[in-house]
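Try each task before reading its solution.

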Amino acid sequence: MNIWNAHFECMELSELRRIQTTRLQETMERVYFNVPYYRNKMQEAGLGPESLQHPEDLQKFPFTTKQDLRDNYPFSLFAVPISEIVRIHASSGTTGKPTVVGYTRRDIVTWSEVMARTLTSAGANRNDFIHVAYGYGLFTGGLGLHYGGEKIGASVIPVSGGNTKRQLQLMQDFGSTVLACTPTYALFLAEAIEENHIDRNTLKLHTGVFGAEPWTENMRREIEEKLRIRAIDIYGLSEIIGPGVASECIMQNGLHINEDHFYPEIIDPDTLEVLPEGKAGELVFTTITKEGLPLIRYRTRDLTRLTYGKCPCGRTLVRMEKCLGRSDDMLIIRGVNLFPSQIESILLEMSEIKPHYQLIADRINNLDTLELQVEVDEEFFQDKISQLQTLRQKIQNNLESTMGISIQVHLVEPKTLARSEGKSQRVIDKRKY
Ligand code: DLL
C-alpha cells in the first residue's frame, strides 16, 4: 500500500503528540502577536501563549466561529502582512458576505502536501490521469485537487464543473483514471454514461475522490456499481485549508485526519464540553502549521466521531467517521453551501414580498434541486399575472447572482405558508443521503 509521507502518516502516537504540542505553541504565539482579535480574546480570558503546555490545555481557549470570520471580513484575521499572501479563496458566509481565507506560499505547499496524501491514500499515483471536475475559482475544490495531483506527478486534467457531454468526451479521449467531483455529480455522470450509450469499457476510470457534501454508504455502493470504480470519501473546509483535511484510505473505513497540521476535538454542540474518544459530536479544528489564516478551535458544525484504533493500512492518524449531519442549518446544494439566512436577507430587501418563505431541497435524477416558496405582499398580489411573472424572475435573478446557483421560485398567496409558534421550519430537505 502506498503512503505519501510515511514519516508523518505512520508516526508513533507519543512522537505525534510531541510535534503537535510544539506546533500548537507556535500557533498560539503567532496569533497572539499578529492578530489583535485573538490577542484581545485571549487577554479577556486571562490567557497567553504560555497557557498551552499540553494539547489538552486547548480546552481553556475560546472557540472561533464563522461569525468571527464575518466580523473580521475580509482580511482582519490574517496573521501575516498582505504582501505574504499569495492566494485567496472564499466560501459562503451565513448572510451576505463570504468567508475569506488567505494562504502564504508555505500554506500552499502544506495544502499540496495534504492533497498528495489524499490522492495517494485513494490509490492514485504518477501514472494516473486525474479528471478534476470540482469547480475552479473561489471554491477550494478545483485548485486543491489540482495542486495535489501535480505534486504526486499525475497528469491533471482541469476540466472544472459543468458541460457533462464534454466531460464524458474528454474522459474517453484522454483516458481519465481518477475522477474528482462531488458524489452527486459522479452519480449524474454515471447516468449520463448510460443515457449516451457509452460503452463503459471505453473508459479507464478506476477511482473517484468525492466530497464537499455528505453522502451515504448507499450512495457509495451505487456510484461504485454504476461507474465500476472505488469511491473514496474526502473531507475538508475552506476555513481550515480546503480539501485535504481528512480522507479515506482504500480500507474505506473512516477518514484519516492530517493531525500533524489540523488538531481535532469533538465537542457537545450544546454544552460546548469536549467529549471523550468515540462519542459523536461537533468537530472542532485548530490549525497548527498555517501561516496566513491560523484558526484556534474553529467550530466546523460538522457532526462525527473519532477513532484512534489502528488502521490496517498502517497509518496511525486518527480517523473520523463519515460526516452526515451538521449542527446548524447550512444546506449543500450541488456542492454549493448556503444558509437560509442568506436567502432571507435577499428577500428582506424586496418590498413586494413578505419574509415568509420555505425552502424545499430535493434530488431529481441525481441532481440537487432547491425550490423557494415565498409569500407575495397582499397589495402586490392583486396585480396582473405578467407582473407576478416579472417579480418571480426578479427574485430568481437576485438569488442566482448572489448565491451562484439557480433556485426555482414559486410565489404563493399571502398567509398560505404554515406559521409556527416557535422556530419556523424554513427548510424541508427531501433528499435521502
Ligand atoms: O467543500 C472543501 C472540499 C472540496 C472538500 C472538495 C472535499 C472536496 P467548503 O465549501 O468550505 O469546502 O465546505 C465545507 O462541506 O464543513 C462540510 O459540511 C461539507 N463537506 C465537505 N466535505 C465533506 C464530506 C469544501 N466528505 C463543508 N462529507 C464542510 C460530508 C462534507 N460533508
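A crossing of two helices is called left-handed if the near helix is turned anticlockwise from the far one by less than a right angle, and right-handed if clockwise. Keep in mind that this model is predicted.

**Exercise 1. Describe how helix H8 packs with helix H9.**

Step 1. Two packed helices are described by the angle between their axes and the distance between the axes.
Step 2. Find H8 at residues 183–195 and H9 at residues 217–227; the angle is about 35 degrees and the axes are 10 Å apart.
Step 3. Now apply the definition above: H8 passes H9 in a left-handed crossing.
Step 4. List the residues in contact. H8 contributes Pro-183, Thr-184, Ala-186, Leu-187, Ala-190, Glu-191, Ile-193 and Glu-194, while H9 contributes Met-219, Glu-222, Ile-223, Lys-226 and Leu-227.
Step 5. Sort them by class: 8 nonpolar, 1 polar and 4 charged residues make this contact.

**Exercise 2. Work out what surrounds the ligand.**

Step 1. Collect the shell: there are 23 residues, and the closest are Asp-233, Ile-234, Ser-238, Asp-302 and Asn-337.
Step 2. Asn-337 places a polar side-chain atom 2.9 Å from a ligand oxygen atom, and Arg-326 has one 3.0 Å from an oxygen atom of the ligand. With Glu-213, a backbone N or O atom lies 3.3 Å from a ligand nitrogen atom.
Step 3. Check the cover: on its own the ligand has 610 Å² of accessible area, and the protein covers 97% of this.
Step 4. Assign the shell to elements. Helix H6 (140–151) and strand E7 (230–237) each give two or more residues, and E7 supplies the largest share, 5 residues.

**Exercise 3. Locate the backbone features at Pro-74 and Ser-160.**

Step 1. Tyr-73 and Pro-74 are joined by a cis peptide bond, with omega about -10 degrees. Pro-74 sits in the loop between helix H4 (66–71) and strand E1 (85–91).
Step 2. Ser-160, though not a glycine, has a positive phi of about 65 degrees. Ser-160 belongs to the loop between strand E4 (155–157) and helix H7 (164–174).

Terms used:
Residues are numbered from 1 along each chain as its sequence is written. This is a predicted model: local features need pLDDT of at least 70, side-chain atom pairs count only at pLDDT 80 or more; totals for chains, interfaces and linings use all residues. Side-chain values use heavy atoms; hydrogens and water are left out. Axes are lines fitted to C-alpha atoms, for helices over the stretch in contact, and angles run from 0 to 180 degrees between N-to-C directions. Helices (H or I, at least four residues) and strands (E, at least two) are DSSP runs, numbered from the N terminus. Contact means heavy atoms within 4.5 Å. Ala, Val, Leu, Ile, Met, Phe, Trp, Tyr, Cys and Pro count as nonpolar, Asp, Glu, Lys and Arg as charged, and the others, Gly among them, as polar. A residue is near a molecule or strand if one of its heavy atoms lies within 4 Å of it. A polar contact is a pair of N or O atoms within 3.5 Å; within protein, one must be able to donate a hydrogen and the other to accept it, and residues adjacent in sequence count only if both atoms are side-chain atoms. Accessible areas come from the Shrake-Rupley method with a 1.4 Å probe; for residues, only the protein chains shown count as cover.
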